[in-house]
Amino acid sequence: MWTGWASEEEIVPAAARFFDNFNDSLSCGREDPRICDMNQENPESAVAEMGRLKAALEESLRSPQEESVPVEMMQVFSDDQWPELLVEFQPSLKVFSANHDVVTLHREGRGARDMPATSPRLHWLLFTRGDEQLVRPLDPAEYQAMEMARTGSSFSAMANALWPERETEKRDAAMNDMLLGWVEEGLVIDVGVPIPDNAEILD
């Protein structure tokens with residue numbers, strides 16, 4: 001379920017040179033300029049998706065980096081609390097999806113015009129840690145879980161949505177492994193249970 005970070009050669013320092021090959025990647029080569037313009041205007045084209053990838057990477061680089069939740073913190077939650085757990089990710093974490101393998105295209109510095117579409121869609125995690133930009137692929141289940149967590153879904157809601165056909169114990173075990181993987185990688189800055197509506201707030 002959990003896949004590690006990209007290999008060493010895929011980890012690029014978050015510096016100006018990270019974007020050096022984007023000009024070439026975004027180019028349409030020797031195509032008719034009118035076709036190039038059409039490709040850029042089509043939101044599903046490789047050229048347009050490369051532009052969105054660049055924007056997402058730059059946004060990640062500009063985002064603040066906050067202290068991550070230590071793994072030990074997960075031990076404070078009781079078995080009854082785990083189904084209600086909510087997760088907050090690092091501001092620099094971005095989830096990216098595309099019809100073309102634009103990450104490989106960018107890494108290899110190739111033009112976008114000849115990149116074939118893939119099926120199904122591809123997903124990646126973009127994350128800035130220190131002065132490094134980290135990019136790794138996401139399988140569909142982890143992509144869906146991250147999108148759900150970012151919009152306030154609980155541990156149990158994610159587990160039920162991802163593996164509805166599994167028994168509850170196996171479903172929760174898979175979600176547990178995924179959540180602990182996020183914490184271990186430093187992606188999570190807060191985790192907890194929602195405050196009841198009738199709870200008293202003490203000064």
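1. Buried here means under 20% relative accessible area, exposed means over 50%, and partly exposed lies in between. That cut-off settles Lys94: its relative accessible area is 15%, so Lys94 is buried.

2. A word on confidence. This is a predicted model. The protein chain has a mean pLDDT of 79, and 70% of its residues reach 70 or more. Over residues 1-27 the pLDDT is below 50, yet this stretch has 72 contacts in the model beyond near neighbours in sequence. Residues 29-40 also have pLDDT below 50, with 13 contacts counted in that way. Where pLDDT is low, the predicted coordinates should not be read in detail.

3. Lys94 has a partner. Its side chain meets that of Glu59 in a salt bridge, 3.3 Å from N to O. The pair links distant parts of the chain, since Glu59 sits in helix 3, Lys94 sits in strand 3 (residues 94-98), and 35 residues separate them. Glu59 has a relative accessible area of 39%, so Glu59 is partly exposed. Lys94, at 15%, is buried.

4. The structure holds 4 salt bridges. Another of them joins Glu49 to Arg52, with the closest N and O atoms 3.8 Å apart. Why are these two about one helical turn apart? Because Glu49 and Arg52 are 3 residues apart in helix 3 (residues 46-62). Glu49 is at 0% relative accessibility and therefore counts as buried. Arg52 is partly exposed, at 34%.

5. Now the pair of Glu142 and Arg136. Their closest N and O atoms are 2.9 Å apart, and the two form a salt bridge. Are they buried or exposed? Glu142 has 0% relative accessibility and so counts as buried. Arg136 is buried too, with a relative accessible area of 0%.

6. The largest nonpolar core has 33 residues. Those with the most contacts inside this core are Phe89, Met146, Met175, Leu179 and Trp182. Elements giving two or more residues to the core include strand 2 (86-89), strand 4 (122-129) and strand 5 (132-138).

7. Take Leu179 as a worked case. Which residues does Leu179 contact, leaving aside its neighbours within four places in sequence? They are Met74, Trp82, Leu85, Val87 and Phe155. A second, separate core has 12 residues, among them Ala56, Phe96, Val103 and Leu126.

8. The structure also holds 3 aromatic pairs. One of them is Phe89 with Trp182, an edge-to-face pair with 5.1 Å from centre to centre and 70° between the planes. Phe89 is in strand 2 and Trp182 is in helix 7, 93 residues apart, and the pair links distant parts of the chain. Phe89 and Trp182 are buried. Both are also listed among the residues with the most contacts inside the largest core.

9. Phe96 and Trp124 give another aromatic pair. Their ring centres are 6.1 Å apart and their planes lie at 35°, so the pair is tilted. This pair, too, links distant parts of the chain: Phe96 is in strand 3 and Trp124 is in strand 4, 28 residues apart. Both residues, Phe96 and Trp124, are buried. Phe96 belongs to the second core.

Definitions and conventions: Residues are numbered from 1 along each chain as its sequence is written. This is a predicted model: local features need pLDDT of at least 70, side-chain atom pairs count only at pLDDT 80 or more; totals for chains, interfaces and linings use all residues. Side-chain values use heavy atoms; hydrogens and water are left out. A nonpolar core is a set of buried Ala, Val, Leu, Ile, Met, Phe, Trp, Tyr and Cys residues joined through side-chain atoms within 4.5 Å. Buried means under 20% relative accessible area, exposed over 50%, partly exposed in between (1.4 Å probe, protein chains only). Helices (H or I, at least four residues) and strands (E, at least two) are DSSP runs, numbered from the N terminus. Contact means heavy atoms within 4.5 Å. Rings of Phe, Tyr and Trp (its six-membered ring) pair if their centres lie within 6.5 Å; planes under 30 degrees apart count as stacked, over 60 as edge-to-face and the rest as tilted. pLDDT is the predictor's confidence in each residue, from 0 to 100.
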